[in-house]
Amino acid sequence: MSLSAEDKLAIHELLSRSAYGFDEQDLDMLEACFTEDAVFSIQITGADLMGPFEGREAIMTLYRDSLAVQTDVRRHVTTNIFFHSEDGDPLVISNLTLFATENGETRLLTAGVYRDTVRRTDKGWLLVKRHLDLDSAY
């Protein structure tokens, strides 16, 4: 599938909305980034695979549970976004840098790489498969 500049911009915005929705605890915004049948998995270097979390509701439960125990303010910074498009849904690869601020101190929590499969739907571009490789636990 060949992606137009407009498609790439819309996908870039999708990644930004998913990060912003989580950071601002806007769960409606975050949920709207995933297809109903989306799948999410996380691999932390040296640890067992987390997931896959299958379906938007399972993914949102993971996010809600994470937010319930979070005491700091998080900022997911998504950069170095590029597109790999062959047959089928496009693959989008990007870097994650995760910062946290607590008690007036900001620190780097971890970094990693997202590998996102996206799909154009009647609601625009959405995440259908997300895998996150984290460089370290936090």
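Reader: Which ground rules apply here?

Author: Residues are numbered from 1 along each chain as its sequence is written, and side-chain values use heavy atoms, with hydrogens and water left out. Since the model is predicted, local features need pLDDT of at least 70 and side-chain atom pairs count only at pLDDT 80 or more, while totals for chains, interfaces and linings use all residues.

Reader: Is the peptide bond from G51 to P52 cis or trans?

Author: Most peptide bonds are trans, and most residues other than glycine have a negative phi. The bond from G51 to P52 is cis, its omega near 15°. P52 sits in strand β2 (residues 49–54); strands (E, at least two residues) and helices (H or I, at least four) are DSSP runs, numbered from the N terminus.

Reader: What is the phi of Q25, and where is Q25 found?

Author: Q25 is not a glycine, yet its phi is positive, near 55°. It is found in the loop between α1 (5–23) and α2 (27–31).

Reader: Is N80 buried or exposed?

Author: Buried means under 20% relative accessible area, exposed over 50%, and partly exposed in between (1.4 Å probe, protein chains only). N80 counts as exposed because its relative accessibility is 55%. This residue of strand β3 (residues 73–84) also has a positive phi of about 50°. Q25, at 46%, counts as partly exposed.

Reader: What does T110 touch?

Author: Contact means heavy atoms within 4.5 Å. Leaving out residues up to four places away in sequence, T110 touches L96, T97, L98, L134, D135, S136 and Y138. T110 lies in strand β5 (residues 105–121) and is buried, at 3% relative accessible area.
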